[in-house]
Amino acid sequence: MIQRSLYTDKIMAFADTPFVKILTGVRRSGKSTILKLLMKEFRERGIADKRIIYFNFDSLEYEDFKTAKTLFTRIKQLLTDGKKTYLFLDEIQEVESWEKAVNSLMTDYDVDIYVTGSNSRMMSSEISTYLTGRYISFRIYPLSFSEYLTFRAEYGAEISDTHSELSNYLKIGGFPALHLQKYSLDEAYTIVRDIYNSTIFTDIVKRNQIRKVDQLERIVHFVFDNIGQTFSASSISKYLKSEKRGLDNETVYSYLSKLESAYIIHRCSRYDIQGRELLKTQEKFYLADPAFRYCVLGYSPDSVAAMLENIVYLELRRRGYDVYVGKLDNTEIDFIAVKQENRIYIQVTQQIKSSQTEKREYGRLLDIRDNYPKYVLRTDKFAGGNYQGIKTMHIADFLLSSEY
């Protein structure tokens with residue numbers, strides 16, 4: 001197993017604390033592997049195997065563990081008297097009312113609990129009833145660009161130019177399974193399509209008993225085709241009506257929320273820089289992984305700019321930033337990223353071919369009258385790295401940088 005210390009270090013900081021550690025994220029993003037890495041860490045710290053209990057509820061072995069009572073009773077039998085037991089419960093959303101069992105175990109026994117899940121039952125609104133104030137949630141994302149390079153090197157690839165590697169990362173995405181051996185793009189997209197289909201039909205259609213699957217698929221196609229563009233439920237509804245597929249705004253919102261709850265898409269709200277307020281209309285959406293778009297809609301060079309924006313958004317989220325689209329008068333700042341007292345402004349562009357484009361990309365940032373760091377990120381060649389206080393970086397360098 002290849003280390004993913006970005007996550008294990010953060011999670012291990014809460015080891016032996018009275019909190020349930022909950023790992024959430026899109027299917028196949030590596031949550032199960034991270035659980036096993038955590039188990040390995042505890043063994044290296046001298047914890048005996050009998051004090052480490054692992055259940056994978058996707059396995060037929062645990063098919064009978066479908067209720068909280070069954071789960072609680074079985075785990076109780078395995079606990080070590082007089083010593084803390086470490087519980088690792090993988091894909092726990094398959095157990096009905098699992099929160100009750102976990103809460104009882106935390107209350108009645110000396111345990112340290114780690115769980116994973118991949119759908120809306122793991123969202124904070126659904127678990128807060130039984131675990132209020134007793135859990136910490138960690139969002140697990142597919143491989144970052146840095147992790148992707150590590151995986152590639154581990155399995156024998158020669159990395160000579162990170163700028164060139166960015167193109168491959170953009171096309172094939174970051175699902176760990178794609179980087180354990182060499183796959184063609186067709187083979188990779190076949191794997192991603194399976195992840196996509198299982199998420200759509202298990203976590204959305206089946207769970208929510210959706211009958212009109214074609215409506216959901218049309219909304220998916222619209223969202224995937226408009227990554228990096230601001231739009232509303234109303235604009236989707238109008239688009240569907242133009243295709244003679246009428247759908248009211250509330251239903252569109254409901255479908256978008258379900259896609260978000262399954263971690264397929266991320267909602268990015270707009271923030272009015274001058275008014276210092278969050279806006280409730282014309283949001284953007286980004287994908288959990290660029291490969292989702294390509295496996296559903298096919299690869300197109302025209303989509304590269306939007307997908308570059310997508311991977312920058314994901315990197316900021318991985319690093320713990322809250323990310324917004326900036327509104328300044330009638331212009332838009334691609335990202336405002338906020339973490340505690342830190343803030344950065346970012347414009348993402350594939351290339352700058354003219355002085356007009358240069359003025360537009362840099363001018364928007366120059367109009368922001370504060371002293372927080374500002375970046376223009378691009379993939380073409382450029383001279384110099386600073387423009388009136390705005391730092392210019394290649395996107396690959398930014399993704400690998402530790403300065404922000």
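Predicted model: local features only at pLDDT ≥ 70, side-chain atom pairs only at ≥ 80, totals over all residues.
Two strands count as paired here if DSSP finds at least two bridges between them.

Find strand E6, which covers residues 265-272. Seven bridges join E6 to strand E7, and the two run antiparallel. For a landmark within this pair, look for Arg267, which stands opposite Phe285 in E7. In general, the strands of a sheet pair through backbone hydrogen bonds, in either a parallel or an antiparallel way.

Now widen your view to the sheet around this pair. Eight strands make up an open sheet with mixed pairing, and their order is E7-E6-E8-E9-E10-E11-E13-E12. Strand E7 (277-287) and strand E12 (386-387) stand at the edges; each has a single partner strand, so one side of each is left without a neighbour in the sheet.

Next, step back to the whole chain, which has 15 helices and 13 strands. Its C-alpha atoms fill a box of roughly 70 × 50 × 45 Å along the principal axes. How does the radius of gyration fit a compact globule? For 404 residues, such a globule would have a value near 22 Å, and the chain agrees because its own value is 22 Å.

What share of the residues count as buried? The figure is 51% of the 404 residues. Among contacts with a separation of 6 or more, 67% are between residues 24 or more positions apart.

Key:
Residues numbered from 1 in each chain as written. Heavy atoms only, no water. Helix = DSSP H or I, 4+ residues; strand = E, 2+ residues; numbered from the N terminus. Rg over C-alpha atoms; globule rule 2.2 N^0.38 Å. Buried < 20%, exposed > 50% of the residue type's maximum accessible area, 1.4 Å probe, protein only. Contact = heavy atoms within 4.5 Å.
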